[in-house]
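Me: Could you walk me through how to read some features of this structure?
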Amino acid sequence: MEILYLLATTIADTILNIARLALLLVPVMVLIEIARYYQLIEKLTGRIKGALEFLTLPQEAAFPLLAGLFFGIVLGSALIIDYAREGILKKRDLLLIGIFLSISHSVVEDTLIFAVFGANPIILLTTRTILAIVITRIAASLIDRNSPVESLRN
Amino acid sequence: MNKLIAPVKTGLVKSAKLLWLLLKIIVPVSCIVAVLEHYGIIEMFAASFAPAMSYFGLPGEATIALLLSFTVNFYAALGVLGAMTLSPQQITVLAVMIGICHELPVETVVCSYTGLRIPAAAVLRISTALFAGFTLNLIYNLVS
């Protein structure tokens, strides 16, 4: 009997938690869709030139990078596969995007969910972003030092 | 205004799907954790991991959240998070670790299309998560 009571309260608590989450998640998901509809990412791509230069990535990397960062690793990777097939990006660049997105992706949704559970969203977001940038930059140096650029062409 | 109907609808449908997914994962995980906790099994498990977790300023129970996040996904980890009493510092440290490293079986495969090999991606993310948790806890302790 005690166990049934325990389960009932656990289920009630959990549903309450998810309902609280829904209050934030639903508006944000709608806003993300609207941003996608107005092709906001395309408009942003020109603005991250400095960041791309620091990461030693070409301008073409902006779109898959931003898409993965905001909409998730699945969409980011799908775009990357597409770019790879069309030969828009070099193997080296694809790998670097993969490393960046591994560490930091779907930042809006993830950060929001954890914020509802009591985490500090600003610390969460900055830690992940800084780490992604630093590690990608280190990887870029390592790749360029160890292999001549020619061998990495598609 | 009419143009907005389609994206708003997509957003609502996606939210509904995500919330349903969350319910399907978090409710059973929370129940299992609650039962295990009731019988003191979590406590036994947590005690053996307490020394390792202390590097991140986290209680031993956090191991379960981390392992669930690494292997299943971070929604499953949320089920455990709800059952633990953590300080804001601890929740943030744990959230950073989970945010960096989650759902490895699925995401490393997805990411392998970029040329990042699966074992390399797993090692990268686990070590980054551990490093981030350790460093962030250190900074928190220094600041406060």
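**Helix packing and backbone angles**

Reply: Helix α1 (residues 5-38) of chain B packs against helix α4 (residues 74-83) of chain B at an angle of about 45°, and their axes are 8 Å apart. Helices here are DSSP runs of H or I with at least four residues, strands are E runs of at least two, and both are numbered from the N terminus. This is a predicted model, where local features need pLDDT of at least 70, side-chain atom pairs count only at pLDDT 80 or more, and totals for chains, interfaces and linings use all residues. Residues are numbered from 1 along each chain as its sequence is written, while chains are lettered from A and ligands numbered from 1 in the order in which they are written.

Me: Which residues of α1(B) and α4(B) make the contact?

Reply: Contact means C-beta atoms, placed from the backbone, within 7 Å. On α1(B), the residues include B:Leu21, B:Ile25, B:Val29 and B:Glu37; on α4(B), B:Tyr75, B:Leu78 and B:Val80 are among them.

Me: What about chain B as a whole?

Reply: Chain B has 7 helices and 0 strands. Its C-alpha atoms fill a box of roughly 55 × 40 × 35 Å along the principal axes. Of the contacts in chain B with a separation of 6 or more, 64% join residues 24 or more positions apart. As for burial, a residue is buried if 20 or more other C-beta atoms lie within 10 Å of its own, exposed if 12 or fewer, and partly exposed in between, with C-beta atoms placed from the backbone. By that count, 40% of the 144 residues of chain B are buried.

Me: Where is A:Gln39 found, and is A:Gln39 buried or exposed?

Reply: A:Gln39 sits in the loop between α1 (2-37) and α2 (40-44) of chain A. A:Gln39 has 10 other C-beta atoms within 10 Å, so A:Gln39 is exposed. Phi is positive there, about 50°, although A:Gln39 is not a glycine.

Me: And what is phi of A:Thr56?

Reply: Near 55°, a positive value in a residue other than glycine. A:Thr56 lies in the loop between α3 (49-54) and α4 (62-71) of chain A, and counts as partly exposed because A:Thr56 has 16 C-beta neighbours inside 10 Å.

Definitions and conventions
Contact = placed C-beta atoms within 7 Å. Axes fitted to C-alpha atoms, helices over the stretch in contact; angles between N-to-C directions.
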